[in-house]
Amino acid sequence: PKDGQLPAVLTAAPDGTLFGATDGGGKYQMGMLFSCAADGSNYKILHNFAGGETDGMRPTSIFVGPDGAVYGGLQVQGPSGKGCIYRCSPDGSDYKFLGAVPGDSPIIESVEPDGTLCCICGKSGKPVGLILRLKPDGSDPQIVFDATKATGAVQTAIGRFTDGGDGYYYGAAGQTLFKVKKDGTGYSVLHKFVGAPTDGQYADQAPILASD
């Protein structure tokens, strides 16, 4: 009960502080949220996940927004089977369960300057196929893209993506490098990996936006 176990997700704030969450351990054995300095010092437990449908468990992502707040995705324990989002201050105060989203295992990909949350999540237990946008308080979740319904989509999954700064998300899913507008329109395949001997085969992380 004094510490977590099974570390699951980790991210760094601009000042170098690390924020992470565990799958297990903690006061309720549902995992917990923690922070520490880059050298491991100043380790703090910020929140113990309580599970159920009012807090969640099994962290799926963690993200530090432009406002310095910590955002994260969790799975919901209960009959709904949905995922959920939370937000808290860097010191763990003001922890707020923002509620369930229309999908499972949400992964927060970006937080826009106005606080809009952008994430991907699964659909009815199937691979990640939805892009969601939510207001800063977690309300008004909107599915802006559903890969299973997209015309020309090479496969029915949307993987990790990066905000290109030009109105598009750029991402990778399996053998597909794609882009899609933030409103969910304009999906197109930029490259399909064909495998050996002339190409790679599977991309499992978002592309990195370079300075140019």
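In strand E6, tyrosine 71 is the bridge partner of phenylalanine 63. Strands here are DSSP runs of at least two residues, labelled E and numbered from the N terminus. The model is predicted: local features need pLDDT of at least 70, side-chain atom pairs count only at pLDDT 80 or more, and totals for chains, interfaces and linings use all residues. Residues are numbered from 1 along each chain as its sequence is written, and side-chain values use heavy atoms, with hydrogens and water left out.

Strand E5 (residues 57-64) pairs with E6 in the antiparallel sense, over six bridges. Two strands count as paired if DSSP finds at least two bridges between them. The hairpin of E5 and E6 has five residues between the strands. There, glycine 68 takes a positive phi near 85 degrees. E6 is also joined to strand E7 (residues 83-88) by six bridges, and these two run antiparallel. Across this pairing, glycine 72 stands opposite tyrosine 86 in E7. Strand E6 (residues 70-75) has five of its six residues buried, so the rest of the structure largely encloses it. Buried means under 20% relative accessible area, exposed means over 50%, and partly exposed lies in between (1.4 Å probe, protein chains only).

Serine 105 belongs to strand E9 (residues 104-111). Its relative accessible area is 24%, which makes serine 105 partly exposed. Leaving out residues up to four places away in sequence, serine 105 touches Thr60, Gln75, Gly83, Ile120 and Cys121. Contact here means heavy atoms within 4.5 Å. Glycine 200 lies 95 residues from serine 105 in sequence and 27 Å from it in space, C-alpha to C-alpha.

Axes are lines fitted to C-alpha atoms, for helices over the stretch in contact, and angles run from 0 to 180 degrees between N-to-C directions. E1 and strand E2 (residues 18-25) run antiparallel and are joined by seven bridges. Valine 9 stands opposite alanine 21 in E2.

Another open sheet of four strands has the order E13-E14-E15-E16, again with antiparallel pairing. Strand E13 (161-163) and strand E16 (188-192) stand at the edges; each has a single partner strand, so one side of each lacks a neighbour in the sheet. Neighbouring strands are turned by 20 degrees against each other on average, direction ignored. E13 runs antiparallel to strand E14 (residues 168-173), and three bridges join them. Aspartate 163 stands opposite tyrosine 169 in E14.

The largest pocket has a volume of about 200 Å³. Of its 15 lining residues, Asp15, Thr17, Phe19, Ser35 and Pro90 are the closest to its centre. Strand E3 (32-36) and E4 are the elements that give two or more residues to this lining. On a 1 Å grid over the protein atoms alone, a pocket is an open set of points with protein on both sides within 12 Å along at least five of seven lines, while a cavity is a set where a 1.4 Å probe fits but cannot get out; lining residues have an atom within 4 Å of a point. Grid points are joined across faces, edges and corners, and a volume is the space filled by probe spheres set on the points.
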